[in-house]
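I opened my notebook beside the structure and wrote down what I looked up, entry by entry.

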Amino acid sequence: MVDIDIIQKIIEHARDYGIRIQNVDRLINDFDRTAGVFPNVRVNVGDAEAAYDVVYAENMRTSPLPVHAAPGRGLFIVTPRVSSRTAERLRDFGANFLDANGNAYVRFDNVLIDVRGRSGDVDSSKYALTPTGTNLFSTKRTQVMFALISWPDLVNAVLKDLAAVSGVSIGAAQSTLQLMEQAAFIVATGTRRTDRRLQHVDAMIDAWVAAYPTGLGAPARTKPLQGEFSRTTLESSSDAIDLSGEAAAPWIRRPETLTIYTRNGGVPREAARAGRWTTSTNEPNIFVRKRFWTDPAEALEGVETRTPGIHIAPPLLVYADLMASGESRQREAAAQYRSEHARLRAN
């Protein structure tokens, strides 16, 4: 029996990844009436299109792998959960798949969407409030969580170092750690203060990214501008600039938008002058925000060591800005970016 709630979740993930399924409502209805096979489904990603025979597999451990699709079409398997081992078999087999946790492999023409390691064992939405009723995802606390996801070793650092990297007070850093323990994002592995580690990191990332557009990435914290920009101009800037969003994705050669973080949220003068950046616009393509974090090496030194010119923001922030764009093109890039950066850790 096909679980329509599962199908709905899978379709939501498809939309997040920029996958458009033609006649999707009819697909849902037909799944409800059939044995879980729906032929000749048209799928679009950007300008690319392919036709698939879609197969629903309730349990990939016990369901035999289909051996072929109709001539001229590929196989697209949808299922509640794909294990890592089964996912590798499907990739080797050449079958595209998408599960209810968001794991995916879609490859045709110039399209490649490959998302791995997503776990649905933990519902990230339940962590918005801790057992004490406190919002774990307030802006200051998300700064601490950002630092811990980006540099996991900080979970056992002294509080002043964690606070310095996060850009918050020592008290805010300490209370965030306590709340994260209550929410089971931090677990003790021994009796010493330094015997701690992060857990449920994928769920934490999903929840952090969901909170980002109304917190650290909110319009009130963003300077929107319109103008031209180029990597050459940014590289010659006298300011230290952190690229994020699509401008930080190495395979996007001509990004349509520019998201940057600067020391005080100021606009880099040389780049603004060269590109004629203006705030008088209803269609901004440049977004400037304050750099709220400090790299651990700088925080420990206690002095500004960053060189002028271009730097790349930590992967978690690049991913969050791609996801927050609301554009299918950038969300597709976000899926690829996450698959290429293990748990979105910084170097």
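I started with Arg276, which sits in the loop between helix H9 (269-275) and strand S13 (286-290). I keep in mind that this is a predicted model. Arg276 has a positive phi of about 55°, although it is not a glycine. I noted that because most residues other than glycine have a negative phi. Is Arg276 buried or exposed? With a relative accessible area of 73%, Arg276 is exposed.

Next I looked up Ala184, again not a glycine, and found a positive phi of about 70°. Ala184 belongs to the loop between helix H6 (170-182) and strand S8 (186-188). Its relative accessibility is 26%, so I filed Ala184 as partly exposed.

**Entry: the whole chain**

I then stepped back for the totals. The protein chain has 12 helices and 14 strands. Of its 347 residues, 50% are buried. I also checked contacts between residues at least 6 apart in sequence, and 59% of these join residues at least 24 apart. The accessible surface comes to about 17400 Å², with 47% of that belonging to carbon and sulfur atoms.

How many of the 9 residues of strand S3 are buried? I found 8 in S3 (residues 48-56), so the strand is largely enclosed by the rest of the structure.

I followed S3 to its partners. Strand S2 (residues 37-45) pairs with S3 in the antiparallel sense over 7 bridges, and Val41 has Tyr52 in S3 as its bridge partner. The hairpin of S2 and S3 has 2 residues between the strands, and Gly46 takes a positive phi near 65° there. Strand S4 (residues 74-79) runs parallel to S3, joined to it by 5 bridges. Here I found Asp53 opposite Leu75 in S4.

**Entry: aromatic rings**

My search of the whole structure turned up 11 aromatic pairs. One of them is Tyr52 with Phe76, edge-to-face, at 5.4 Å centre to centre and 85° between the planes. Tyr52 lies in strand S3 and Phe76 in strand S4, so this pair ties together parts that are 24 residues apart in sequence. Both Tyr52 and Phe76 are buried.

I compared that with Phe97 and Tyr105, whose ring centres are 6.4 Å apart with planes at 25°, so I logged this pair as stacked. Phe97 and Tyr105 are both buried.

I also marked one aromatic cluster, formed by Phe146, Trp151, Trp208, Tyr212, Tyr261, Phe292 and Trp293.

**Entry: nonpolar cores**

Last, I turned to the cores. In soluble globular proteins, nonpolar side chains tend to be buried together. Which residues touch the most other members of the largest nonpolar core? Leu148, Met180, Trp208 and Leu317 do, in a core of 67 residues. Trp208 was already in my notes as part of the aromatic cluster.

I took a closer look at Leu148. Leaving out residues up to four places away in sequence, Leu148 touches Leu154, Val155, Leu162, Leu177, Met180 and Leu198. A second, separate core has 27 residues, including Tyr52, Phe76, Phe108 and Ala335. That brought me back to Tyr52 and Phe76, the edge-to-face pair.

Terms used. Residues are numbered from 1 along each chain as its sequence is written. This is a predicted model: local features need pLDDT of at least 70, side-chain atom pairs count only at pLDDT 80 or more; totals for chains, interfaces and linings use all residues. Side-chain values use heavy atoms; hydrogens and water are left out. A nonpolar core is a set of buried Ala, Val, Leu, Ile, Met, Phe, Trp, Tyr and Cys residues joined through side-chain atoms within 4.5 Å. Buried means under 20% relative accessible area, exposed over 50%, partly exposed in between (1.4 Å probe, protein chains only). Contact means heavy atoms within 4.5 Å. Helices (H or I, at least four residues) and strands (E, at least two) are DSSP runs, numbered from the N terminus. Two strands pair if DSSP finds at least two bridges between them. Accessible areas come from the Shrake-Rupley method with a 1.4 Å probe; for residues, only the protein chains shown count as cover. Rings of Phe, Tyr and Trp (its six-membered ring) pair if their centres lie within 6.5 Å; planes under 30 degrees apart count as stacked, over 60 as edge-to-face and the rest as tilted.
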